[in-house]
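Hi,

Here is the structure I promised to pass on to you. Have a look at it first, and then read my notes below with the model open beside them.

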Amino acid sequence: MARITAGVATSHVPAIGAALDNGRSGEDYWKPLFAGYDFSKKWIAEDKPDVVILVYNDHASAFSLELIPTFAIGCADSFQPADEGWGPRPVPVVEGHPALAWHLAEKLILDEFDMTIVNRMDVDHGLTVPLSLMFGQPQAWPCKVIPLAVNVVQYPPPTGNRCYNLGKAIRRAVESFPEDLKVQVWGTGGMSHQLQGPRAGLINRAFDNAFLDRLVDDPVAQSKVPHLDYVREAGSEGIELVMWLIMRGALDDKVKVAHRFYHVPASNTAVGHLILENGAA
Ligand code: DHB
Ligand code: FE
């Protein structure tokens, strides 16, 4: 039987990918950010997932205002890094796990979560930056990845509660897959940031840290927080945080915090990072 061993949450920022790709991660500006992931790289080399279900958002790379799926699951054999205007990132092609992805699509849809099935999709910094932060710069990504894209760009995104319950459904679906696989679920994007308008540059450390506390200890309460609170307190792009609730829903009610990190700034964004392990109870 496949099982979920752990969840990882991390913010994404395109400039983090550019810092790595251009050999600038040792600069004073970036050093403290990457240091926050030193533990994570060792941890994941030991936990060795077979598959990561990587919950992220597309930024008008694979989708656009012409096509806006609320939840989309990548069922392809592989996914190419997207060209976001500077050429595709020089990172490995993302290898999928079609058998588990199709199983998830079937179970989730029959469980009344209407996933959009995607058989061709380029993946942007929302997916590749978290991979780089966790795995560094390998020749090939060391595990299979199932991209699960969430609309947090065009109002209305899914509610926190919907995301939390999708996580629970993902867990049921994974545990009904017969092959013996170690699966991690990642929730990415956030924390506080706003890229546009008069409040561009907004950071809210108090909100971010309260979110980290509650995501760990009281995810049900966090799942009830309305969109407006995220946007007011964490900025227009802070709404990306609802994706972390999908990861949290896929884990045990009580989890062990293996690692927690918070750093400001990375470009315009507050970077938060959690590693949560099942089996704490
Ligand atoms: C930045 C952050 C994002 O989440 C994003 O998608 C694009 C840019 C930034 O801080 O620069
Ligand atoms: Fe983003």
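Before we start, one term: two strands are said to pair if DSSP finds at least two bridges between them. Please also keep in mind that this is a predicted model.

With that in hand, look at β2 (residues 51-56) and β7 (residues 144-150), which pair in the parallel sense over six bridges. Ala72 has Thr116 in β6 as its bridge partner.

Now zoom out to the whole sheet. In which order do its eight strands come? The order is β6-β3-β7-β2-β8-β1-β10-β9, and the sheet is open, with mixed pairing. Its edges are β6 (116-118) and β9 (256-266), each of which pairs on one side only. On average, neighbouring strands are turned by 20° against each other, direction ignored.

Two helices lie across part of this sheet. Helix α3 (residues 38-47) lies across β1 (3-10), β9 and β10 (269-277), and runs at about 145° to β9. Helix α7 (residues 205-217) lies across β9 and β10, at about 15° to β10.

Next come the helices that pack against each other. Two packed helices are described by the angle between their axes and the distance between the axes. For α1 (residues 14-21) and α5 (residues 125-135), the axes come within 9 Å and cross at roughly 50°. These two helices are therefore oblique to each other. The crossing of α1 past α5 is left-handed. Pro14, Ile16, Gly17 and Leu20 of α1 make the contact with His125, Thr128, Val129, Ser132 and Leu133 of α5. Sorted by class, that contact has five nonpolar, four polar and no charged residues.

The second pair is α4 (residues 98-110) and α6 (residues 160-175), which pack at an angle of about 125° with their axes 9 Å apart. So α4 and α6 are oblique to each other too. Here α4 passes α6 in a right-handed crossing. His103, Leu104, Lys107 and Leu108 in α4 meet Ala169, Ile170, Arg172 and Ala173 in α6. This contact has five nonpolar, one polar and two charged residues.

Which residues are around ligand 1? They are His12, Val13, Pro14, Ala15, His59, His193, Leu195, Glu237, Ser267, Asn268 and Thr269. By class, this shell has four nonpolar, six polar and one charged residues.

Finally, some backbone details in the loops:

- The peptide bond from Tyr155 to Pro156 is cis, with omega near 0°. Pro156 lies in the loop between β7 and α6.
- The bond from Gly190 to Met191 is a cis peptide bond too, with omega near -5°. Met191 is in the loop between β8 (182-188) and α7.
- Glu112 has a positive phi of about 75°, although it is not a glycine. Glu112 sits in the loop between α4 and β6.

Enjoy exploring!

Best wishes

How values were computed:
Residues are numbered from 1 along each chain as its sequence is written. Chains are lettered from A and ligands numbered from 1 in the order in which they are written. This is a predicted model: local features need pLDDT of at least 70, side-chain atom pairs count only at pLDDT 80 or more; totals for chains, interfaces and linings use all residues. A residue is near a molecule or strand if its C-beta atom, placed from the backbone, lies within 6 Å of it. Ala, Val, Leu, Ile, Met, Phe, Trp, Tyr, Cys and Pro count as nonpolar, Asp, Glu, Lys and Arg as charged, and the others, Gly among them, as polar. Helices (H or I, at least four residues) and strands (E, at least two) are DSSP runs, numbered from the N terminus. Axes are lines fitted to C-alpha atoms, for helices over the stretch in contact, and angles run from 0 to 180 degrees between N-to-C directions. Two residues are in contact if their C-beta atoms, placed from the backbone, lie within 7 Å. Angles under 35 degrees count as roughly parallel, over 145 as roughly antiparallel, 65 to 115 as roughly perpendicular and the rest as oblique. A crossing is left-handed if the near helix is turned anticlockwise from the far one by less than a right angle, and right-handed if clockwise.
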